[in-house]
Amino acid sequence: MKTFFNVEDLGNLNDALAEAKEIKNNRFGYQELGKNKTLLMIFFNNSLRTRLSTQKAAMNLGVNVIVLDVNAGAWKLETERGVIMDGDKSEHLLEAIPVMGSYCDIIGIRSFAGLSDRDYDYAETIVNQFVKYSGRPVFAMETSTVHPLQAFADLFTIEEYKQTTRPKVVLSWAPHCKSLPQAVPNSFAQWMNAADVDFVITHPEGYELDPKFAGNAKIEYNQKKAFDNADFIYAKNWSCPGVTNPADYGKIINSDPSWTVDTEHMSWTNNGYFMHCLPVRRGLIVTDDVIESDHSLVIPEAANREISAEVVIKRMLESL
Ligand SMILES: CCC[C@H](NC(=O)CCC(=O)O)C(=O)O
Ligand SMILES: NC(=O)OP(=O)(O)O
């Protein structure tokens, strides 16, 4: 596996879920694979779960790990070609990338969407330069438009907790005080569309996800109808994806607090589980009672990030 950005990169999804289950029970069983191999984890943005779980996964496999916070210690990087670098950027990405690639065997990268230029973000301009110039396998640790390690862990968690063969899973928008990327909901939608679940997306008008991720999911603008008889509620904020109105890309066009998931919202479900990728803004996305309830899966969901990362790194090691 040379890149990991989309669900299809894993091949047969049921086989990947079975491998995740096996690795969860035998996470130290493949340490020979990582002997004398190095993972370079590059962060252009903050992280807790991805940073810790991916390092843990690599260490489980016997892999050496280097973590680089680009904006804390490295030279400020110029990403555009054709510019005269007489400003505050000392190094160009096109030198830095192959240099970084020379120190490792596998690269993980986090580079959030800028949320100002939709075409630039949705072309995955930054991360595709790592794929093109690093000479190494590259996996996403949340890029401009996708967060597959999160979605893989989310689906694995749903498989662990589902009480029925084909559960109803609802991706619900919720309000936030900042403009957030669409990467998490994009990947969640992509992976749910590939899985054997009854998938519904609910959000205010104007927040339609890009069709390449929303796929054939049912879109329900009435949150209460969407929550009806749901088995899993996956709450997440995202800024306007700019699908219905490109000029609104990256903007907050709705802050309606009635979309915040509280105990009444959860009463509409089939005794459903609450999920969120974290970090979560309590009081905006979800109330304290819901996220602290015995039907909140946010902690086991975060713990499963170690497993999704270990499957991906293992497969990349196997393809070196
Ligand atoms: C895994 C989620 C990462 C990121 N979340 C944030 O940036 C939240 C920042 C905040 O709430 O201040 C996002 O929404 O994509
Ligand atoms: N869910 C997730 O990716 O968390 P971090 O941003 O803390 O890594």
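This briefing covers the domains, cores, annotated sites and backbone features of one protein model.

The model is predicted: local features need pLDDT of at least 70, side-chain atom pairs count only at pLDDT 80 or more, and totals for chains, interfaces and linings use all residues. Residues are numbered from 1 along each chain as its sequence is written, and side-chain values use heavy atoms, with hydrogens and water left out.

The chain is divided into domain 1 (3–146 + 305–319) and domain 2 (150–302). These bounds come from an automatic or database domain assignment.

**Domains**

- The C-alpha centres of domain 1 and domain 2 lie 25 Å apart.
- 32 residues of domain 1 are in contact with 33 residues of domain 2. Contact means heavy atoms within 4.5 Å.
- UniProt, in an unreviewed entry, lists residues 4–160 as "domain: Aspartate/ornithine carbamoyltransferase carbamoyl-P binding". UniProt positions use the numbering used here, feature names are shortened, and annotations may be inferred rather than shown by experiment.
- Residues 4–160 are 39% helix and 16% strand, and the end C-alpha atoms of this span lie 23 Å apart. Helices (H or I, at least four residues) and strands (E, at least two) are DSSP runs, numbered from the N terminus.

**Nonpolar cores**

- A nonpolar core is a set of buried Ala, Val, Leu, Ile, Met, Phe, Trp, Tyr and Cys residues joined through side-chain atoms within 4.5 Å. Buried means under 20% relative accessible area, exposed over 50%, and partly exposed in between (1.4 Å probe, protein chains only).
- The largest nonpolar core has 57 residues. Phe4, Phe139, Phe152, Trp191, Phe199, Ile201 and Ile313 touch the most other members.
- Helix H13 (residues 305–318) gives the largest share of this core, seven residues.
- Both domain 1 and domain 2 give residues to this core, so it lies between them.
- A second, separate core has 24 residues, including Phe44, Val70, Leu77 and Val138.

**Helix H13**

- H13 has 14 residues and reaches 20 Å from its first C-alpha to its last. That is close to the 20 Å expected at 1.5 Å a residue, where the expected span is 1.5 Å times one less than the number of residues.
- In H13, 13 of the 14 residues are buried, so the helix is largely enclosed by the rest of the structure.
- Ile313 touches Leu39, Thr54, Ala57, Ala58, Leu61, Ile106 and Phe139, not counting residues up to four places away in sequence.

**Annotated binding site**

- For "binding site", UniProt's unreviewed entry lists Glu142, His176, Lys236 and Arg281.
- The lining of the largest pocket includes Glu142, His176, Lys236 and Arg281. On a 1 Å grid over the protein atoms alone, a pocket is an open set of points where a 1.4 Å probe fits, with protein on both sides within 12 Å along at least five of seven lines; lining residues have an atom within 4 Å of a point.
- Glu142 lies in the loop between strand S7 (138–140) and helix H6 (148–161). Glu142 counts as buried, at 7% relative accessibility.
- Lys236 lies in strand S11 (residues 232–236). Lys236 also counts as buried, at 8%.

**Backbone features**

- A cis peptide bond joins Leu278 and Pro279, with omega about 0°.
- Leu278 lies in the loop between S12 and H11. Its phi is positive, near 65°, in a residue other than glycine. Leu278 counts as buried, at 15% relative accessibility.
- Asn271 has a positive phi of about 55° although it is not a glycine. Asn271 is exposed, with a relative accessible area of 56%.

Technical notes. Chains lettered and ligands numbered in written order.
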